[in-house]
Every structure is written in C-alpha cells, then in structure tokens.
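Please consider the following note on the structure shown below.

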Amino acid sequence: MSATKSIRLRCWLVYSVLVGFALSSSFLIAQTVQISVDVSQTGPKIDRNLFGQFAEHLGYGIYGGIWVGPDSPIPNTRGIRNDVVGALKAIHVPNVRWPGGCFADEYHWRNGIGPKREVTLNPNWGGVIEPNTFGTHEFMDFIDQIGSEAYVSVNLGSGTVKEGADWLEYMTAAQATTLEQERAANGHPAPYKVALLGLGNESWDCGGNMTPEYYLDRMKVFTHFVRNYNPAQQDRDQMQKIAVGPGGGDQRWTDWTETVMKAYGQHTWSWGISGLSMHNYTVVKWPPAFKSFGFGEDEYAQILKATLEMDDLIKKHSAIMDKYDPRKKVALIVDEWGAWYAPLPGSHQGFLVQQNSLRDAILAALNLNIFARHADRVRGANIAQMINVLQAMILTEKEKMVLTPTYHVFKMYVPFQDSTFIPVTFNAGTYKHGEFTLPRVDAIAAKGKDGELWVEITNVDPNQSAEIELSLAGINAKSASGETLTAPKIDSINTFDAPNTVVPKPISALVRGGKLTLKVEPKSVTVISVEQ
Ligand code: AHR
C-alpha cells in the first residue's frame, strides 16, 4: 500500500470513529422540549380536594401511624402522633377519607364513641382485633390538628339507614337532641363539620356485591335521610354526597356509571348527589406482584405506562356523565388511586405494607397532572393511603417516621391547590424501553392563589436529562425558581436510617427574550414559579 493510500485509509478510519461517536452521543442528547404557556388562556380551578388523602382502619394506617394513645412514650397530643401531624400540616391535606374503604361498610360508629369502646374484628384486613379506640372524636381531633376536612364514608353495606342518619345527627346537630347531648357529654359541644359524605364503598364488591340498580335504590334512600344538621353547612359549604362509582373501564363499570348518572339526570328534589366516586389502582398483575423497590427498568416503564391509563378511564366515565350532566354539576371523585405492589416480605399480607420509591414520585406527578387536565369534572381525589398502607406519604415504625418520595411530590404541588389551570402545549417526545413506549416529558401550568405562575415538569426518562425551553406569553417573566426531585436510582427510597435519599433540591432557570430555559434531570419531578 502506498503512503498516500495508507494516510487516506487512516483518515477514513478516524472520520468513521468520530462520526460513529457523534451519532451515538447524539442518540443520548435528546431533543429540546418546547413548552408554550399563554397566561391569558385560563381553564378551570384545580380543586384543592384533588390532593386528598385516605386513611382506613387497615394495618398500621391508623393504629401506630396516627394513633398511639395518650399514654404512649411517642410524643402525642391526645393520643395523636405529633411528628405525623407536623408532617401532614406541611402538605395542606384538604380532606381525609375515613374510616374506609372496605372497612367502612362494616363500621358501626357507636363502637367508637364514649368512655367504653367495643372491641371488634377487622375481617377485611387480616381479621385482627379492632379496638375502636380511634373513633369519631379522635378522627375529628386529628382532622383539626392537621388543618383538614372530614370525608366520612357511611356504612351502606351492613349498616342501616337509621344508623347512618343517627351518626350524622350525632356529628352535626346543634340543637339539644339526645344525640347532640351525647356528643357534648363525650367532649364536643360544637357540631362537627362533615365536608364530604361517601355513600358506601365499592358496593359492587366488598361493599355488598350489589347490582347497580339495587345500589341506586339504596343510595337514594341514604341521600335523603342521612342529613347534615350543622347550621354552618346549610346554605354555603354544603356537605357533598359522593355515590359509589366505577372501579375500571369494562362494560360492568360503564353500566354502573350509566345507571347512576341516568337516574341523576331525572332526579327529583328528594334525592341528589354531588359526586361520583371512581377507584383505579396501578396494579398491572392481580394479586399485586410487582416489587415496590429492588426492581429494574422493565418494571419502571411498565408501571408508569399502566398508570397513564387513568386518563382514558376518566375520559370514558366523563363522557357518560356528560350525557346526563352536561353542566358538570356532579364531580368525578377518584377517591382511591395509587400504586399497589406486592406486600413487603415478612410483613402481614393483609396490611398492604409496601415501600415507596422515586418511581412512585413520578407516578404521583403523572396522575396529579391527569387530574388537573380534567379539573372541570375531576374535583376530588384521594391517594391510597396516607400512612403505612399502599402508596403512603409517611412510613412509621414505633417512634420512627420517614417521609416518602410521594410525600415530597404532594408538598411540591401545594401551590396548585385551588389554582387556575393554564393550558400548555409541548412536544412530549418518547421514552422507549423494550416493548414500552411512553411520553418522555409531562407538564402542567397554573396560576396560583398567590397570583404566581407555577409550572410542573416531569421527566419520565430515567436515562436522559431534558433541556426545556418554555415560551411564556402574557407575562413579563424575569426569572424562575423552585424545586426538583430525583435520586440516584429509579428505585431509590427513603429509610429510617437514610431519610434524605429522595428529597427535593432547589432549581432555578434563566429567562431571556420571554423564553425560559432549564435542564431537568432524568427521572425527575420539577415545580417552578415564574417571577415577573
Ligand atoms: O385501599 C385498600 C382497599 O382497596 C380499600 O379498602 C377498598 O375500597 C379497595 O378495594
């Protein structure tokens, strides 16, 4: 080979290596994501009740998680853990759904009031003893301590209409009835506020295996007779009555929604509902088999893809509701949602104990964004469940407490409570792993009660950061700052010994010529406010 040929060949080889390198690295450098926000285009209110919680008598959700009793060495106020109260206050919990779940349709409120409590069983959740030491007064005290509101589920399954009516009179009457006097004697002369009333729970399954028609008849009777007497809730601030709704997307569920909503469309003065409940867990396999940590990218992608089905489910049931309630008077309340994984090895199988990883933070953000995009119809949601059960905010073990990645998302989203939705347009791009393809980026924007523009950006892709270019119309943006949540691994968790593995960190962004640019980390949730 001549010297010239050999030099040409070497140049060609160097060129090929450089091109190959450039191509492979450009594969890693993803396209800039363009997000456009026009502040003059406002949508519905993002109801604070979308950030509701659910606390059932299940495992360590109540006992151990909230209630330790007044004599416990764990610091408490009237038996309620101070550390948990402090943490929940910071996320501005709008309402807590209680006492269940399946438990609600076997709950008899009289067992949980007064100086002597009945000791019963909890057949749904491990068949364990239910001491009833946490009852109506303790729940209302807890709600008061965290600055929240009560979403009480009345027993429509094994209870009677009279039992339900008496409970509401006991809680809310202001006049000197026998039940009002009993409440006063038990320590609370002033009527309690019951903001929301659940009319049974999953009446198509653990709530009594009812047909939609049977449920409808029974529910109508409850809506009429189970009355709220609180004088402060008569004209304004009326109690919202939430009927049992669907638990999926199959015909069985669309028939349920159709039956209840068709009847609502023709309802008379003597009955009515203000909401229809929907339950939708991210499970993939039943019984739940996915690990809550110690998983790989396959399970990451599969779970997050599955969670996005929430959007179609809302669309499907909203379309039926629109037929009978075009003015959207009845809210869709997703009062059980979240990830449901296999119970932790060694834990009681009936206690639904699972870990909570960075994946759950992303899952929470994706669902909250879906709810926000449907805020005209979806005006309430309750993640399952608040403490120590399923996708929890808080995990406790005796005196120890740790805040989960999901908790941090709820805290970052506080500015979205009662904010005004602002539509955003963006090129989401795709994140592909094996057979799973998902939108790579998600985003919402809103005008907060504080008047500020708030933007949330989720980067689903666990391998690539995302360069964001945000075009802002209708606002003279100067800078932006906020918080971002990520961690070293998709299954990073916070533990009692290492509680700060997944915690938000400050982030700021540059604004030039009305465009804001920032880079968000792989597998991250970011919330920023735009300063004018
Ligand atoms: O959240 C656990 C259970 O899931 C609830 O009790 C029930 O309503 C649902 O099936």
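1. Just after helix 5, G187 takes a positive phi of about 110°. Helices (H or I, at least four residues) and strands (E, at least two) are DSSP runs, numbered from the N terminus. The model is predicted: local features need pLDDT of at least 70, side-chain atom pairs count only at pLDDT 80 or more, and totals for chains, interfaces and linings use all residues. Residues are numbered from 1 along each chain as its sequence is written, and side-chain values use heavy atoms, with hydrogens and water left out.

2. Helix 5 covers residues 178-185, and its buried residues are L179, E180 and R183. Buried means under 20% relative accessible area, exposed over 50% and partly exposed in between (1.4 Å probe, protein chains only). Seen down the helix axis, the buried residues fall within an arc of 105°, so they line one face of helix 5. That arc is taken from the directions from the helix axis to the C-beta atoms. T178 and A185, on the other side, are exposed.

3. The cover over the buried residues of helix 5 includes helix 3 (136-146) and helix 4 (161-172). Contact here means heavy atoms within 4.5 Å.

4. An open sheet of 11 strands has mixed pairing and the order 2-17-21-22-27-24-25-26-23-1-18. Strand 2 (45-46) and strand 18 (424-426) each have a single partner strand, so one side of each is left without a neighbour in the sheet. Two strands pair if DSSP finds at least two bridges between them.

5. Within this sheet, strand 22 (residues 453-459) pairs with strand 27 (residues 524-531) in the antiparallel sense over 7 bridges. V455 stands opposite I528 in strand 27.
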